[in-house]
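I opened this notebook page to keep track of what I looked up, one item at a time. The entries cover a helix and then some charged side-chain pairs.

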Amino acid sequence: MSSAAAPVPPQTPFTTGRARLNIGQLAIDQLTFDEAITEIGRLVDSRQGGYVFTANVDHVVLAEDNAQFREAYSRATISVVDGMPIVWASRAMDVPLPERIAGSDLILPLMKLGAERKWRVFLLGAGPGVAEKVGRIVGEQYGVEVVGWDSPMVRLDGGDAQNDPIVAKIREKDPHLLLVALGSPKQEVWISQVASKLGPTVAIGIGAGLDFIAGTAKRAPVWISRAGFEWLYRLVNEPKRLWRRYILNDSRFATILLREFWQRTGAQKSE
């Protein structure tokens, strides 16, 4: 008589085990760049799915009023800091963040790691032909297996009729890692909408990362990025597209910081 198969124990939810900085409506993991690569690699290898976001000043401001964006961030498996003003502010708070971790900087180290661990990678977003070009570049230079790419028109109100065919194309290739370059807040909200349908695939929002690799967009020199002025470099190069974000929207970041410091001061006095 055959015995029944033993039940498979549920997987433990993934956690970095690190402290998180709460700033505005967002929570950001206290990770160095190398630790972020390690944790993302561990998440991918766990085959539990999930997604990774890179929080910058614009994201902190967006989360104040955009409920979909805020909810998407609340379910992120890993959230790292992509903004020097947040790093600087964190040093005066309870959880100092060690360094900036830009989404575009994560791509090539993850491609190297993916080649070593035999990951399958899918690229989504950017303009026509960009993802395909990047797929060929990283495949040739790093040896990672890029199993597909797509540049669909995505609307956040497109629903299942829009999303299911895109997800089906991704699931057909069964990638370990999905890089999503749709820009914020679209990529974060879209990832959260389809995350439960992606199975074990881990998604990462990378903004203009594919354009930087393909050479279709210019990135600030390293010294400008380290000084915290990459936003200004991008504004000078794309003023019509970015002036509202950086001049109007992100000026609210100072107000959010003042609120954070006020709340922390009040909490300390009440203890």
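The entries below concern a predicted model.

**Entry 1, helix α6.** I began with the length of helix α6, residues 130-142, whose 13 residues should span 18 Å at 1.5 Å a residue, and I found its end C-alpha atoms 18 Å apart, which agrees. I then looked up which of its residues are buried, and these are Val130, Ala131, Val134, Gly135 and Val138. Seen down the axis of α6, the buried residues fall within an arc of 135°, so they line one face of the helix.

I turned to the salt bridges, of which the structure holds 15. One of them joins Asp65 to Arg252, with the closest N and O atoms 2.5 Å apart. Asp65 lies in helix α2 (residues 57-65), while Arg252 sits in the loop between α12 (239-249) and α13 (253-270), so the pair ties together parts that are 187 residues apart in sequence. I checked the accessibility of both partners: Asp65 is exposed, at a relative accessible area of 57%, whereas Arg252 is partly exposed, at 33%.

Lys169 belongs to helix α7 (residues 159-173) and Asp150 to strand β6, so the pair ties together parts that are 19 residues apart in sequence. Is Asp150 buried or exposed? I found Asp150 buried, with a relative accessible area of 17%, which falls under the 20% cut-off, while Lys169 is partly exposed at 37%.

Lys197 forms a salt bridge with Asp164, and I recorded 2.8 Å between the closest N and O atoms. Since Lys197 lies in the loop between α8 (186-194) and β8 (202-205) and Asp164 in helix α7, the pair ties together parts that are 33 residues apart in sequence. Both partners are partly exposed, Lys197 with a relative accessible area of 28% and Asp164 with 34%.

Last, I looked up which residues are linked in a network of salt bridges, and noted Arg47, Arg120 and Asp174.

Terms used. Residues are numbered from 1 along each chain as its sequence is written. This is a predicted model: local features need pLDDT of at least 70, side-chain atom pairs count only at pLDDT 80 or more; totals for chains, interfaces and linings use all residues. Side-chain values use heavy atoms; hydrogens and water are left out. Helices (H or I, at least four residues) and strands (E, at least two) are DSSP runs, numbered from the N terminus. The expected span of a helix is 1.5 Å times one less than its number of residues. Buried means under 20% relative accessible area, exposed over 50%, partly exposed in between (1.4 Å probe, protein chains only). The arc is that of the directions from the helix axis to the C-beta atoms. A salt bridge is a side-chain nitrogen of Lys or Arg within 4 Å of a carboxyl oxygen of Asp or Glu.
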